[in-house]
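Colleague: I am new to this one. Please walk me through how to read it.

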Amino acid sequence: MPKADDTQQAEIRQIHLNTYAKAREYWRRAGDMQKANLTDAKINMQFGAFDQDRIPRMKYELVSNVPEGSLAHAIQNLNDLDDDDDDIDMFVDTSALDDILRDEFGDYIYRRMNRGDHD
């Protein structure tokens, strides 16, 4: 029986493979055969995210000038660590940041301001 970590790693790997398959399908339809023919290993190293228009983007195609000190900057630093160290295996979906900030952070700030502990 596989360990929990092995099962989780296999599930994460399958999510990545499904994402790459969706990206390849888009690139084939768009006629970008260079990207569509990349191996899983190459896509794993180069893939950034699906943008707001659901277009798969490579890391070099994403906007990288996020404000220093922002949540996006912190996540970008974490992802950079992941690229530099084979022992670190993490994935942060930066496409969800807007939803998190809109749905959760605003409520948090509102509650905190109404409590009066905002000094």
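Modeller: Start with burial. Buried means under 20% relative accessible area, exposed means over 50%, and partly exposed lies in between, using a 1.4 Å probe and protein chains only. Tyr20 is buried here, at a relative accessible area of 4%. This is a predicted model, where local features need pLDDT of at least 70, side-chain atom pairs count only at pLDDT 80 or more, and totals for chains, interfaces and linings use all residues. Residues are numbered from 1 along each chain as its sequence is written, and side-chain values use heavy atoms, leaving out hydrogens and water.

Colleague: What share of the 119 residues of the protein chain counts as buried?

Modeller: The share is 17%. For the surface, accessible areas come from the Shrake-Rupley method with a 1.4 Å probe; for residues, only the protein chains shown count as cover. The protein chain has an accessible surface of about 9,400 Å², and carbon and sulfur atoms hold 51% of that.

Colleague: How many helices and strands does the protein chain have?

Modeller: Both are DSSP runs, numbered from the N terminus: helices are H or I with at least four residues, strands are E with at least two. The protein chain has five helices and two strands. Along the sequence the pattern reads α-α-α-β-β-α-α.

Colleague: How many aromatic pairs does the structure hold?

Modeller: First, the rule. Rings of Phe, Tyr and Trp (its six-membered ring) pair if their centres lie within 6.5 Å; planes under 30 degrees apart count as stacked, over 60 as edge-to-face, and the rest as tilted. The structure holds two such pairs. Tyr20 and Phe47 make an edge-to-face pair, 6.1 Å centre to centre with 65 degrees between the planes. This pair links distant parts of the chain: Tyr20 sits in helix 1 (residues 4–30) and Phe47 in strand 1 (residues 47–50), 27 residues apart. Phe47 is buried, at 10% relative accessible area. Phe47 also pairs edge-to-face with Phe50, at 5.6 Å centre to centre and 65 degrees between the planes. Phe50 counts as partly exposed, at 28% relative accessibility. Tyr20, Phe47 and Phe50 form one aromatic cluster.

Colleague: Is Lys35 buried or exposed?

Modeller: Lys35 lies in helix 2 (residues 33–36). Lys35 is buried, with a relative accessible area of 11%.

Colleague: Which residues does Lys35 touch?

Modeller: Contact means heavy atoms within 4.5 Å. Leaving aside residues up to four places away in sequence, Lys35 touches Trp27, Ile43, Met58, Tyr60 and Glu61. Across the protein chain, among contacts between residues at least 6 apart in sequence, 32% join residues at least 24 apart.
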